[in-house]
Amino acid sequence: MEQPNGTALTDQAPADPAVTDDALATQPVGYWSGLAHTAVTRHLRDAMARIDVTQPQYWVLNRVRGGPAAPTREEVVDQLTPLADGPQDISRAVDQLLHRGWLGEKGDRLALTADGEAARVRLRELATGIRAEVHRGVSDAEYVAALKVLRTMVANIEGARPV
């Protein structure tokens with residue numbers, strides 16, 4: 001059997017974390033991408049937990065600071081909920097940050113306080129350090145190539161969905 005690009009189709013083997021490099025082409029991408037997602041997310045969340053912060057809180061701090069205009073609570077919740085583990089995670093993070101004094105409200109708009117901006121900067125440094133740890137031994141070119149492959153795979157299946 002051939003793929004649409006004319007190359008031979010590689011048969012898929014069961015997921016095997018001990019597979020040798022010469023057999024990697026037979027491995028299921030869902031297993032390996034899921035394993036990477038779980039490991040990286042757990043590592044980041046564990047590091048944040050040690051300083052009493054959650055990943056959704058970090059997302060909220062970045063979103064409140066990073067937009068062209070101060071967002072409303074609803075805008076933040078709508079934009080970040082697709083990333084979260086559950087539908088209440090972002091709303092809960094906003095409440096926690098308001099309680100902590102890292103966010104303030106100006107009318108219906110959210111804004112970082114000075115403490116919130118200082119926390120965001122510390123968290124950015126933490127995330128940058130973790131990124132360096134995760135990327136150790138992986139060149140930028142290899143990283144870009146891996147993401148391009150994943151992006152193409154997503155486009156292959158997203159484009160194939162019936163309307």
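**V60 and its surroundings**

Biologist: Leaving aside neighbours within four places in sequence, what is V60 in contact with?

Modeller: V60 is in contact with V76, L80, I90, A93, V94, L97 and L103, leaving aside its neighbours within four places in sequence. Contact means heavy atoms within 4.5 Å.

Biologist: What kind of model is this?

Modeller: This is a predicted model, where local features need pLDDT of at least 70 and side-chain atom pairs count only at pLDDT 80 or more, while totals for chains, interfaces and linings use all residues. Residues are numbered from 1 along each chain as its sequence is written, and side-chain values use heavy atoms, with hydrogens and water left out.

Biologist: Back to the core. How many residues are in the largest nonpolar core?

Modeller: The largest nonpolar core has 24 residues. V60, V76, I90 and L103 have the most contacts inside it. Such a core is a set of buried Ala, Val, Leu, Ile, Met, Phe, Trp, Tyr and Cys residues joined through side-chain atoms within 4.5 Å. Buried means under 20% relative accessible area, exposed means over 50%, and partly exposed is in between (1.4 Å probe, protein chains only).

Biologist: Which helices each supply at least two residues of this core?

Modeller: α1, α2, α3 (73-80), α4 (89-100) and α5 (114-134) do. The largest share, five residues, comes from α2. Helices (H or I, at least four residues) and strands (E, at least two) are DSSP runs, numbered from the N terminus.

Biologist: Which residues are buried in α3?

Modeller: V76, V77 and L80 are buried in α3. Seen down the axis of α3, its buried residues fall within an arc of 95°, so they line one face of the helix. The arc is that of the directions from the helix axis to the C-beta atoms.

Biologist: And what covers the buried residues of α3?

Modeller: The cover includes α2, α4 and β2 (109-112).

Biologist: New topic. How many salt bridges does the structure hold?

Modeller: It holds eight salt bridges. A salt bridge is a side-chain nitrogen of Lys or Arg within 4 Å of a carboxyl oxygen of Asp or Glu. One of them joins R120 and E117, with the closest N and O atoms 2.8 Å apart.

Biologist: Is R120 buried or exposed?

Modeller: R120 is buried, with a relative accessible area of 7%. E117 is partly exposed, at 23%. R120 and E117 are three residues apart in helix α5, so about one helical turn separates them. R65, E117 and R120 are linked in a network of salt bridges.

Biologist: What does D89 form a salt bridge with?

Modeller: With R92, the closest N and O atoms being 3.3 Å apart. D89 and R92 both lie in helix α4, three residues apart. R92 is partly exposed, with a relative accessible area of 42%.

Biologist: Which residues form a nonpolar patch on the surface?

Modeller: V29, L147, V149, L150 and M153 do, with about 370 Å² of accessible area together. Patches are made of residues with over 30% relative accessible area and no salt bridge: like charges are joined within 9 Å, nonpolar side chains (Val, Leu, Ile, Met, Phe, Trp, Tyr) within 5 Å. Accessible areas come from the Shrake-Rupley method with a 1.4 Å probe; for residues, only the protein chains shown count as cover.

Biologist: Which helix gives the most to the nonpolar patch?

Modeller: Helix α6 (residues 140-158), with four residues. L150 lies in helix α6. At 34% relative accessibility, L150 counts as partly exposed.

Biologist: Last one. Where is D52 found?

Modeller: D52 is in the loop between α1 (29-49) and α2 (55-66). D52 has a positive phi of about 60° although it is not a glycine. D52 counts as exposed, at 53% relative accessibility.
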